[in-house]
Structure formats: structure tokens, C-alpha cells
Amino acid sequence: MSLEQTWRWYGPSDPVTLQDIRQAGATGIVTALHEIPNGETWSEDALRERKRLIEWDDNITPPKSRGLTWSVIESIPVHEDIKQARPNRDKLIENYIQSIRNVGKVGIPVLCYNFMPVVDWTRTNLKMELEDGARALCFDMTDFVAFDIFMLRRKGAEESYEGELIKKAQRRYESMNREQRYELERTIIAGLPGAEESYTLEQFQAKLDEYKDIDDTIYRENLKYFLERVAPVAEESGVKLAIHPDDPPFSLFGLPRVVSTEKDLKYLLGVYDSIYNGFTLCTGSYGVRADNDLVGMVKRHGAKLNFAHLRSTQRDELNGFHEASHLQGDVDMYGVMLAILKEQRKRQAVYRPDHSIPMRADHGHTILDDLDKKTNPGYSAIGLLRGMAELRGLELGIERSGAVFND
Ligand code: DNO
């Protein structure tokens, strides 16, 4: 198999163990030093120590290789003060740069990050029941508007939505009991796994207020400022940046969004033209917008595709979605896989050493034994295992069919 199969591991407290991951067939680990507060430098020692833990079993003598490599960092969070261009941003960017240098020294080749304001990925329901009893992550627009207008009571929120939707959201809100309201609030603002920020309702409103004068144009400038400083260092250090798109790929709470479309991507790749300033193709995030041509994005920007998150979503009539199984839903996974494998061939033809593009199955359903366990939403072992097995089969089938050689 030629794509590098990776798996996101949340560190020593993840209920999924390194051995589980190895048995699932992955060889690459995607993880972060989640314990380091946002804005602080990741030291070379801390990185080395975690890398050793991932790659070697030191509990036996002599130590034994686990057959795993730390291939991708996901993510070093970008501090809110950098995103908002506050006066101390240069100091924080300096810390970020130092982290990248340290990542380069210990030899981790890819760094995934995002530039979403206030909230990282956002859902309204982490346990949507599918017809076969499996549970999926979902973003329901009616619930979201119910929260925004009737629970958060954000100033001006009504202007963001159409009258019919607001009425529906009001009926939804009125039909919910206290527990259901609390659960919705926690799901939206308490932070999903990997999101390093978590808020109470008051803190959340205060955070939103900080953005009242920051529109897309200003926010894009702030991303540019960051990239102009960070990308050259990434190149020097041999660390390939891979920006993750907004999830979902549209504005939430009136906040700016600048990594949602191919146009956004083109802009930021142009800020510093190098394969070290690249992107994460998250098919589930970009794929929520019907106007994102995923296959075309790989064809046009493939040289800078540094990491792939493969998953599918199913849109609904209100612009919401739920996470489909990996080969179903709105994403043309066959087309995307074929395009990625073609990009890989191109790299091989010019002897690019990084032709084996790291990919991971993203956000599995909760199924089988995991339904009764405490798991990280979207990251339970069995659902991801199913996703990865399907993607692996798809890849092998495409390779054997010879379709990669067709124009
Ligand atoms: C969710 C993830 C995101 C992603 C970050 C990257 O499952 O895809 O949390 O890790 O946005 O910075």
C-alpha cells in the first residue's frame, strides 16, 4: 500500500492504545503534546520523550520497536492573540517558530494546524442514531440556531438566519428540557477532542465580542502575517505545514472564516509559495460545501497536499450534515483517492522523497462494543478501524486496476 496509513492518538490517556493502532494496520501516529498550554514553546526534550514513547516499548529489555512512527503533529494550536493580531502576537509567533524548529530537530515531517477563531471543529450532536443503531456526529442547523438565538442570545444573531429557520429553532428550543439544553450547550462550546479551548456561556460571549471588528478581510491579513513569518522557518526546518480547513466550512456566530473554499486555499498557498506551506485535505470539512470540487482541488494543488483526512458527510436540506460512513455520503471517495494516488505517482516520477502521503481515516461511527464504552467522539477504535479498512481496500483496488496511469 503506498499511502502512509496513520491514526490519530490522543496521547497516554487515549482509551485506544498504541498496540490497538498497530493491530489496526496503521504505521504512522498523528498526535500532539496536548498538555502544553496554548502559546508556549514545545521543547525539544518533550518532543523527543513523546516520540520515544510512541516508537519504542521500553518496558521490555532490550527495548522493542513498536513499528510506529510519529509522522504528523496535529496540532500546535495557534494562539487567539495571533488570530486577533493583538500586541503580543510577535512574541507568540516567536514561540511558535521555536516549536517548529524543535519539531524539525526531532524529525517529525508534517505539522497540521488550523486558523479557526474561538472554536475548533463544531457539532451539535455527538450521538445521532443511524438506522442500524450506529452513532454518528452531526451538525443540525435547527439545533445550532436554537442555541445561538435562544440560549446564547447573541446580539444580532437573528440577522444571520431566515425567518422560517428561526421559527423552527424556536419550536425546537421550546420542546427541549433542561438536560437537553445543557447537553447542546456543552456539545457546542465545551470543546471536542483536540480542541484546546473550552468555555462557559459567559466566557464564550466575551470571546465573540473580541471579534466584533474583525471581518474576513482583516482575519485573512492576520493569517498572512502569521504565515509570512512561520512558513520560511518551516521550510528551513524541514517541517511541512498542512493547514486544516474550517469545520464546518462556513461562518459560525458571525465569526470570520478564511479556510473554507478552494479560493481561500489558493490565497494562503500563494502567501509563501513552497511545498512547506501546504494543506490538509479534509474531505469531510471541505465536502460539506457542494461548491467545493474536492477532486479538482487535489488536481490543482496536489503538490502541496501534505496530509489527508478521509471521511464523508451527508448534507441535509438546511445546510447541516451528519457524518456518513467513509465510502458513502456526498464525498466521491473513489475520485479523491484516485486523484491522491495520481499525485503520488507524479512525486515518484520526480523522485520526491515525500511521495508517500500520510492519510488517516477520520471520524468513525461509534459501533459494536464501543457503544458501551467511554470513547473520544469520532475517534472510537472500531469505527475508525472500519473506515480505515474500507479506504485501504479502495486504495488497493485502484492501484491494481491501473486507473492511476490513465489521464
Ligand atoms: C477533528 C479534527 C480537528 C483538527 C484541527 C486541526 O477531528 O479534524 O480538530 O485536528 O482542526 O488543527
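Analyst: Residue classes come first: Ala, Val, Leu, Ile, Met, Phe, Trp, Tyr, Cys and Pro count as nonpolar, Asp, Glu, Lys and Arg as charged, and the others, Gly among them, as polar. This model is predicted, so local features need pLDDT of at least 70 and side-chain atom pairs pLDDT 80 or more, while totals for chains, interfaces and linings use all residues. Residues are numbered from 1 along each chain as its sequence is written, and side-chain values use heavy atoms, without hydrogens or water.

User: What classes make up the lining of the largest cavity?

Analyst: A cavity is a set of points on a 1 Å grid over the protein atoms alone where a 1.4 Å probe fits but cannot get out; lining residues have an atom within 4 Å of a point. Here the lining has 11 nonpolar, seven polar and five charged residues. Val119, Asp120, Ala195, Glu196 and Glu197 lie nearest the centre of the largest cavity.

User: How far are the polar side-chain atoms of Ser75 and Asp120 from ligand oxygen atoms?

Analyst: A polar contact pairs N or O atoms within 3.5 Å. For Ser75 the distance is 2.5 Å. For Asp120 it is 2.9 Å. A side-chain N or O atom of Trp121 lies 3.3 Å from a ligand oxygen atom.

Key:
A polar contact is a pair of N or O atoms within 3.5 Å; within protein, one must be able to donate a hydrogen and the other to accept it, and residues adjacent in sequence count only if both atoms are side-chain atoms. On a 1 Å grid over the protein atoms alone, a cavity is a set of points where a 1.4 Å probe fits but cannot get out, and a pocket is an open set with protein on both sides within 12 Å along at least five of seven lines; lining residues have an atom within 4 Å of a point.
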